[in-house]
Amino acid sequence: MDKVAVITGANKGIGFEVCRQLAKAGVNVVLTARNEGNGKAAVNKLSSEGLKVSFFKLDVSDVKSFAGLFDYVSNTFGRLDIFVNNAAVMLDKGGAELGPIAAESAWNDLSSTMETNVYGPFALCLAMAPLMKKNQYGRIVNVSSGLGQLSEMRDGHESYRISKTAINAVTRVMAAKLGGDGIKVNSVCPGWVRTDMGGPNAPRTVEEGADTIVWLATLPDKGPTGGFFRDRKPISW
Ligand code: NAP
């Protein structure tokens, strides 16, 4: 049977393009989105291009729904080869203000950001890994950002930065946990990409943004694990 991939937050932007590229490569893609109408519209678009894509409604901040995703993939395909933690939010458009009132708002931003960008991806790795482990094969790609690099850390977008540093820790712990089972776990920075999050001035297309994600999702057995990549090359944490 063809390989099976699940991509989160895939109704638009980079995640949608990852679905397209993986489906074009012959992978059975499960496109997930938190909004059913938007997700189904995205699936219809790819189906009209002749690609094999199905839909599952998934809000990555709702841990109670992960068992449903596990059951759907298990009952429909009986296997999982690729999991892309793509969904994320950037709630703090500028930088956090100083002072006790602003601190409360920053606290709220960070809590919500961490739920979507870190707790969800971490719990999803744990939830879905058994479907990979049984075939001793898996590729997990965590979509991070250069804004999470400790070596390049600045202020601005603090909640988002902290969440992307933390998802890199998720990559390291999961790579260690699953490495003995043929499951590779890597982080990727897609670069600055023209999407709703990246804005219209970003220099990269979604095709360029998706490239290294798809490369990591289809790594050969001798490929790397536990790394952080941009443009198919390692970058510093
Ligand atoms: P985007 O166009 O804003 O898409 C984000 C996707 O995540 C949307 O489908 C959104 O769904 C989904 N999402 C947000 N919260 C969710 C939740 N709780 N459950 C399920 N889905 C949820 O952003 P993008 O630029 O494609 O970003 C994709 C990934 O690349 C993210 O991890 C982002 O941090 C990373 N990244 C992007 C850039 C860039 O320049 N664009 C740079 C570095 C890293 P809705 O449509 O329902 O909101």
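Helices (H or I, at least four residues) and strands (E, at least two) are taken as DSSP runs and numbered from the N terminus. The structure is a predicted model, in which local features require pLDDT of at least 70 and side-chain atom pairs count only at pLDDT 80 or more, whereas totals for chains, interfaces and linings use all residues. Residues are numbered from 1 along each chain as its sequence is written, and side-chain values use heavy atoms, with hydrogens and water left out.

The ligand is surrounded by 28 residues, of which the closest are Asn11, Asn86, Tyr160, Val193 and Thr195; a residue is counted as near if one of its heavy atoms lies within 4 Å. This shell comprises 12 nonpolar, 11 polar and 5 charged residues, where Ala, Val, Leu, Ile, Met, Phe, Trp, Tyr, Cys and Pro count as nonpolar, Asp, Glu, Lys and Arg as charged, and the others, Gly among them, as polar. At least two residues of the shell come from each of α1 (13-24) and α5 (158-178).

Among the pairs of N or O atoms within 3.5 Å, a polar side-chain atom of Tyr160 is found 2.6 Å from an oxygen atom of the ligand. A ligand nitrogen lies 2.9 Å from an N or O atom in the side chain of Asp59, and a nitrogen atom of the ligand is 3.0 Å from a polar backbone atom of Val60. Of the 910 Å² of accessible area that the ligand has on its own, the protein covers 92%, as computed by the Shrake-Rupley method with a 1.4 Å probe.

Two or more of its lining residues are given by each of α4 (100-133) and α5, and α4 gives the most, with 5 residues.

Note on methods: Polar contact = N/O pair within 3.5 Å; in protein donor to acceptor, adjacent residues only side chain to side chain.
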